[in-house]
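Subject: Handover of a structure and its findings

Dear colleague,

Please find the structure below, together with its sequence. I would be grateful if you kept it open while reading the notes that follow.

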Amino acid sequence: MNVRRLAFAACLALGASPAGATDAAPVPDAALAQLQDRVIEISKRVTPSVVHVEAIVKVNDRRNEVTGSGVIASSDGRILTNHHVVEKAEKVTSRCRA
C-alpha cells in the first residue's frame, strides 16, 4: 500500500469528518479499542517512510539549525515536510530511521 493510501486510511481511522460536523454520539469502549488497534497498525506500517529533516537557515546573518520530520512521498525519494522547516534553508538533509 502506498503512502497516500496509508495516510488516507489513517485519517479515516482517526475519525476524520467533513468540516463543520458536530454533535457526535458517544463512542462505545469496544469501538475505541478497535480504533486504537487500527491506528497502531497504520503507525507501524508507515513508520519506515518517516524521516528526520535538518535544515540550516540564515536569519539576520546568523545560521541556525531547524529540525522537523517528513515522510517519503514517492518511489523516487521525494520527501514531504512542513514549509517552515525548509523555508530560507541554505542546506537540507534528511535521515531515515533504519
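Predicted model: local features only at pLDDT ≥ 70, side-chain atom pairs only at ≥ 80, totals over all residues.

Ser 49 sits in the loop that runs between helix 2 (29–46) and strand 1 (50–59). From there, its side chain reaches the backbone oxygen of Val 46 at 2.7 Å.

The chain contains three helices and four strands. Followed along the sequence, these elements give the pattern α-α-β-β-β-α-β. The accessible surface of the chain comes to about 7800 Å². Carbon and sulfur atoms account for 54% of that surface.

How many salt bridges does the chain hold? The count comes to three. I describe each pair in turn.

In one of them, Glu 54 forms a salt bridge with Arg 95, and the closest N and O atoms are 3.3 Å apart. Glu 54 belongs to strand 1 and Arg 95 to strand 4 (residues 89–96), so this pair ties together parts that are 41 residues apart in sequence. Glu 54 has a relative accessibility of 21% and therefore counts as partly exposed. Arg 95 is also partly exposed, with a relative accessible area of 49%.

Another salt bridge joins Arg 63 and Glu 90, with the closest N and O atoms 2.7 Å apart. This pair links distant parts of the chain, since Arg 63 is in strand 2 and Glu 90 is in strand 4, 27 residues apart. Is Arg 63 buried or exposed? Its relative accessible area is 54%, so Arg 63 is exposed. Glu 90, at 43% relative accessibility, counts as partly exposed.

The remaining pair is Arg 78 and Asp 76, whose side chains meet in a salt bridge at 3.3 Å, N to O. Arg 78 counts as exposed at 58% relative accessibility, and Asp 76 likewise counts as exposed at 55%.

I would also draw your attention to Asn 64, which is found in strand 2 (residues 62–72). With a relative accessibility of 33%, Asn 64 counts as partly exposed. Which residues does Asn 64 touch, not counting those up to four places away in sequence? They are Ala 55, Ile 56, Val 57 and Val 59. Asn 64 and Ala 89 are separated by 25 residues in sequence, and their C-alpha atoms are 9.4 Å apart in space.

Finally, a word on contacts across the chain as a whole. Among those between residues at least 6 apart in sequence, 52% join residues at least 24 apart. You could then turn to Arg 63 and Glu 90, which link strand 2 and strand 4.

Yours sincerely,
A colleague

Definitions and conventions:
Residues numbered from 1 in each chain as written. Heavy atoms only, no water. Helix = DSSP H or I, 4+ residues; strand = E, 2+ residues; numbered from the N terminus. Buried < 20%, exposed > 50% of the residue type's maximum accessible area, 1.4 Å probe, protein only. Contact = heavy atoms within 4.5 Å. Polar contact = N/O pair within 3.5 Å; in protein donor to acceptor, adjacent residues only side chain to side chain. Salt bridge = Lys/Arg side-chain N within 4 Å of Asp/Glu carboxyl O. Areas by Shrake-Rupley, 256 points an atom, 1.4 Å probe, with all protein chains shown as cover.
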